[in-house]
Each structure stands twice: as structure tokens, then as C-alpha cells.
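Subject: Handing over the structure

Dear colleague,

I am passing this structure on to you, and the notes below it go through what was found. Please keep the structure open beside the text while you read.

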Amino acid sequence: MTTVTRIVTDDREARQAWAQFCEPGDGLAGALIQRLGAVEAFTQIATGSHTNFDGIDAAPLRERMRPRISEGEFRAANAIAAKLGSTFITPEDPEWDTRLDVLGVHRPHGLWVLGKKELLGTDTNTTAVLGSRAATGYGEFQSVELASGLSRRGHTILSCGGYGIGGAATRATLASEGNAVVILAGGLDRAYPAGHAALFARVAEAGVLVSELAPMTSPTKWRFLQRNRILAAMANRVLIVEAGWRSGSLNVAGHAIAIGTPVGAMPGPVTSAASAGCHRLIREYGATLVTTVEEVEAL
């Protein structure tokens, strides 16, 4: 068993360890940290024997985490983060976006950021622009028009940086010399999709890449879904430009609706399967129909 005291010496290192060895969005971990603090909670999970802490049963969390805890991997991830030039921010830092606090026990333990971390923070006017990876020409055109128009009005554009709508919105933001923030579903050294490596490099230079996952962590289906809660929480509004019936962007919209973030959806042709998800959001989930920059801003 690792000597946990050699890994964790303060709150920042404890939060790094939690982020590295615990899956994102784990509510049991969040509850234990709220009760004991990050350092003591991690120490109890890694080396302690008690299982009950004022009604919180930590046994399942310990069973999940303890086999994963490794001082060597902790140091290796820190070395990669330093080589990348990234920074780990916590709720104690001025760059921390307190809008994330709405997630409660599911709030990220901290965030690795690469680029202009000053673009982050609670005071930013942030619009998440998302949609289908298999975007049509119509969808990409609309995402470019909206992202560039919002950028010129001072909005920070938040996206997943993926293929289709997310990538188009990010490229338009950079071309407009706006503030681009991309939330990743893996470590900063494993940005996905790999085909957008050049785009991510531009974001790291002119905007900022963000991940709640430590370097060396690969994206998985679960981590993509958990990443979506951050997109929803950090945005003043969520805009779905084009989405199929089962598009992952609908999951972001679901998170947003659950926490009270306004959601706008852009309509497409009624015959277009690529817009079926947007029409579904408007019809079934109360999303606002938007067609212009002004209507998005009104959200």
C-alpha cells in the first residue's frame, strides 16, 4: 500500500489525488470531502480502517479507489502537467468558477488548465455552443455565425472542441479573436479527438483548455457524460445548434435544465434528422427556440 502522506501534504495536493484516483462526479467522494476536508478524506480512503463517518458509508468508495492509488502515478501525472505548462486550480483560487458550486457533491475536485486561465472565473459571460459531431453544412454555418457574433459581443464561448458543431464554434471564436474555452473529457495530454490536435494547440495558445481529469487519463463514455455537467454549470446559457435524436449534446442540455441554466435550440428543416434533437428539446423540454445572436443573448 502506498504511503499516502508522501502523496498528500495540503488541500491542493489532496484535490489532485482525488481528481486522479476517483472517477469524476462521484457523489460519495464529494460528500466525504465536505464532511472531512480533502486531506483527511483522502487519507481515510487510502490508509484508514473506519468505514462510517457520521452516516456516510465510505466502504464502497474505498473499494473502488484503493487499488488505483499510486504514488508513482501521482508523481508521473504531476511531471506531465509541469511539462505541459498547465496549472491545477481549486475552489480556493480566483480563477475558480463558483457557478460549479451548483453541482454540490458532484462538483469537480479541481481543474487542470492550459492556456489563459484568466479567461475563467465566475464573472465571465459564457455561452456554451454545442451540437452534433456529424453536423451538416447548415449546422456548421449557423454555429460559426453565432459563435463569432457572440464573441464580438464579449461572450466567452465554451465548447467540447469535438468534431462538427463544437469544433466549428471554437474555430470561429478563435478567428474572431474571442475567448475560447474547451472542456475536455480526458487528461490535457490526451485531448480528444486526436484529429483536432492542431485546434487544441491553438486554444492552448489563445484561449484555455480545461479538464477535471489528471494527465495520463483517457476519455471514456462515462467521462464524456460527466464532462457535460461542467459544460452546463459553467455556462450562463447553453445553445444547441444542431443535434440528432440521440446526440450527446442533449445530455448537456439535460444537465443545464436540471440546474436551471437557460437552454436555447436552433431549429432546422423538419425533414432533417440532424435537427430532430433540437426540435425535441423545444417540444418536450421547454428549450427556447433561437435563430439569431440577439435571441441567444436574451437567454
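Where is the place of Pro193? Before the answer, please bear in mind that this is a predicted model. Pro193 has its place in the loop between S7 and H8, and a cis peptide bond, with omega at about 5°, joins Tyr192 and Pro193. Ala194 is found in the loop between S7 and H8 as well, and at 63% relative accessibility Ala194 counts as exposed, since the cut-off for that word is over 50%. From C-alpha to C-alpha, Ala194 and Thr47 are 38 Å apart in space, while in sequence they are 147 residues apart.

The strands on either side of this loop and its helix deserve a careful look. Strand S7 covers residues 179-183, and four of its five residues are buried, so S7 is largely enclosed by the rest of the structure. Strand S8, which covers residues 208-211, is covered on both faces, with Val208 and Val210 buried on one side and Leu209 and Ser211 buried on the other. S7 and S8 run parallel and are joined by three bridges, and within this pairing Val182 has Leu209 of S8 as its bridge partner. Taken together, S7, helix H8 (residues 197-206) and S8 make a β-α-β unit that is right-handed.

S8 also pairs with strand S4 (residues 111-115), and here the two strands run antiparallel, with four bridges joining them. In that pairing Leu114 stands opposite Leu209, the residue that is also the bridge partner of Val182.

S7, in turn, pairs with strand S6 (residues 156-159) in the parallel sense, over four bridges, and the bridge partner of Leu158 in S7 is Val181. A right-handed β-α-β unit is made here too, by S6, helix H7 (residues 165-175) and S7. In the loop between H7 and S7 you will find Glu177, which has a positive phi of about 60° although it is not a glycine. Glu177 has a relative accessible area of 76%, and is therefore exposed.

Asp54, which is not a glycine either, has a positive phi of about 50°, and it lies in the loop between strand S1 (52-53) and strand S2 (56-57). With a relative accessible area of 64%, Asp54 is exposed.

Next come the spaces in the model. How many cavities of 30 Å³ or more does the count come to? The count comes to one, and about 40 Å³ of space lies in the largest cavity. Among the residues that line it are Leu158 and Val181, which were named above as bridge partners between S6 and S7, and the lining also includes Asp97, Arg99, Thr156 and Met234. By class, this lining has five nonpolar, four polar and two charged residues.

The largest pocket has a volume of about 570 Å³. It is lined by 25 residues, of which Arg133, Phe224, Arg227, Gly248 and Ser249 are the closest to its centre. Two elements give two or more residues to this lining, namely helix H9 (221-234) and helix H10 (249-259), and the largest share, six residues, comes from H9. Sorted by class, the residues that line the largest pocket divide into 13 nonpolar, eight polar and four charged.

Finally, there are the aromatic rings, for which a search of the whole structure finds four pairs. A pair of aromatic rings is described by the distance of the centres and the angle of the planes. For Trp18 and Phe42 the ring centres are 5.7 Å apart and the planes stand at 75°, and because an angle over 60 degrees counts as edge-to-face, this pair is given that name. The pair links distant parts of the chain, as Trp18 is in helix H1 (residues 11-21) and Phe42 in helix H3 (residues 38-47), 24 residues apart. Trp18 and Phe42 are both buried, and together with Phe21 they form one aromatic cluster.

With best regards

Key
Residues are numbered from 1 along each chain as its sequence is written. This is a predicted model: local features need pLDDT of at least 70, side-chain atom pairs count only at pLDDT 80 or more; totals for chains, interfaces and linings use all residues. Side-chain values use heavy atoms; hydrogens and water are left out. Buried means under 20% relative accessible area, exposed over 50%, partly exposed in between (1.4 Å probe, protein chains only). Two strands pair if DSSP finds at least two bridges between them. A crossover is right-handed if, with the strands pointing away from the viewer, the path from the first strand over the helix to the second runs clockwise. On a 1 Å grid over the protein atoms alone, a cavity is a set of points where a 1.4 Å probe fits but cannot get out, and a pocket is an open set with protein on both sides within 12 Å along at least five of seven lines; lining residues have an atom within 4 Å of a point. Grid points are joined across faces, edges and corners, and a volume is the space filled by probe spheres set on the points. Ala, Val, Leu, Ile, Met, Phe, Trp, Tyr, Cys and Pro count as nonpolar, Asp, Glu, Lys and Arg as charged, and the others, Gly among them, as polar. Rings of Phe, Tyr and Trp (its six-membered ring) pair if their centres lie within 6.5 Å; planes under 30 degrees apart count as stacked, over 60 as edge-to-face and the rest as tilted.
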